[in-house]
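This report describes selected local features of one protein model. Please consult the sequence and the structure shown here alongside the text.

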Amino acid sequence: GLINDACYTPNRMSITAGYTLAHVADDILDGISSKAINRFYSGNEEALPFDGSASWYQGGPSTDANARRYLIGALLGYTGDRGNTLAEVLAMIDRSVAVDGTDPLGTFYFMQTTDSARSSPRHGTYPNVVAAILAEGGQAEHLYADLPIGEFDGAGLMTGLATPDIDGANLGLLPGSFADHLTSYAAKFDSSSQTKMSRWIAK
């Protein structure tokens with residue numbers, strides 16, 4: 001009953017969001033829209049190192065009255081029901097550490113599915129993102145499918161689908177890669193609804 005939003009009234013908050021949004025709690029309690037732009041967001045390709053002690057506005061450190069501080073909250077794994085085994089989580093961390101700073105070659109896959117709720121809102125951005133990655137010397141593809149079946153060089157994978165068969169899919173993700181299927185309940189481990197994000201870690 002503390003947080004309201006025109007899109008959906010939330011009654012739960014993720015553990016990580018509690019830390020990430022700690023400095024903007026007043027904005028949230030005042031009724032800020034879930035569609036409000038993150039002040040750390042930037043419209044250019046320049047990568048800035050994040051600093052939690054800085055206030056951000058329009059993608060850069062700023063003293064503007066509209067600037068906001070953020071923290072980065074992350075949960076590296078969940079070992080309860082529908083989560084991963086401890087061995088899977090530790091193996092993921094070890095794989096990622098081993099490639100840190102090595103700029104491994106791999107392809108970023110942007111999947112355009114027929115799921116209108118999870119995929120359609122992002123379709124228009126895929127061509128520009130793919131072009132930007134290619135311009136920087138990376139590899140990226142915009143595919144019309146649920147998953148990049150038969151591809152084993154995944155450095156990143158974005159698809160919009162509630163229940164992708166990640167475990168059964170004939171595809172591969174490289175160490176240090178990132179994948180997401182853009183759902184509401186992938187990290188709601190007390191519910192069997194929707195495929196859980198733990199399946200990407202296992203994959």
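Strand β1 (residues 55–57) and β3 run antiparallel and are joined by two bridges; two strands pair if DSSP finds at least two bridges between them. Trp-56 has Arg-68 in β3 as its bridge partner. These strands belong to an open sheet of three strands in the order β2-β1-β3, with antiparallel pairing. At its edges lie β2 (60–61) and β3 (68–69), each of which pairs on one side only. Strands (E, at least two residues) and helices (H or I, at least four) are DSSP runs, numbered from the N terminus.

## Basis of the model

The model is predicted: local features need pLDDT of at least 70 and side-chain atom pairs count only at pLDDT 80 or more, while totals for chains, interfaces and linings use all residues. Residues are numbered from 1 along each chain as its sequence is written, and side-chain values use heavy atoms, with hydrogens and water left out.

## Helix α4 and its two faces

Helix α4 comprises residues 126–135, of which Tyr-126, Val-130, Ala-132 and Ile-133 are buried (under 20% relative accessible area; exposed is over 50%, partly exposed in between, with a 1.4 Å probe and protein chains only). Because these residues cover an arc of only 160° around the axis, they are on the same side of α4; the arc is that of the directions from the helix axis to the C-beta atoms.

The buried residues of α4 pack against β4 (107–111), β5 (139–143) and β6 (154–158), contact meaning heavy atoms within 4.5 Å. The face turned away from the buried side carries the exposed residues Asn-128 and Ala-135. Just after α4, Gly-137 takes a positive phi of about 90°.

## The second largest pocket

The lining of the second largest pocket includes Phe-108, Val-129, Ile-133, Leu-157 and Phe-178. β4, α4 and β6 are the elements that give two or more residues to this lining. A pocket is an open set of points on a 1 Å grid over the protein atoms alone, with protein on both sides within 12 Å along at least five of seven lines, and lining residues have an atom within 4 Å of a point.

The lining residues divide into eight nonpolar, one polar and no charged; Ala, Val, Leu, Ile, Met, Phe, Trp, Tyr, Cys and Pro count as nonpolar, Asp, Glu, Lys and Arg as charged, and the others, Gly among them, as polar.

## An exposed loop residue

Ser-192 is found in the loop between β7 (173–180) and α5 (198–202). Ser-192 counts as exposed because its relative accessibility is 60%.

Note on methods
On a 1 Å grid over the protein atoms alone, a cavity is a set of points where a 1.4 Å probe fits but cannot get out, and a pocket is an open set with protein on both sides within 12 Å along at least five of seven lines; lining residues have an atom within 4 Å of a point.
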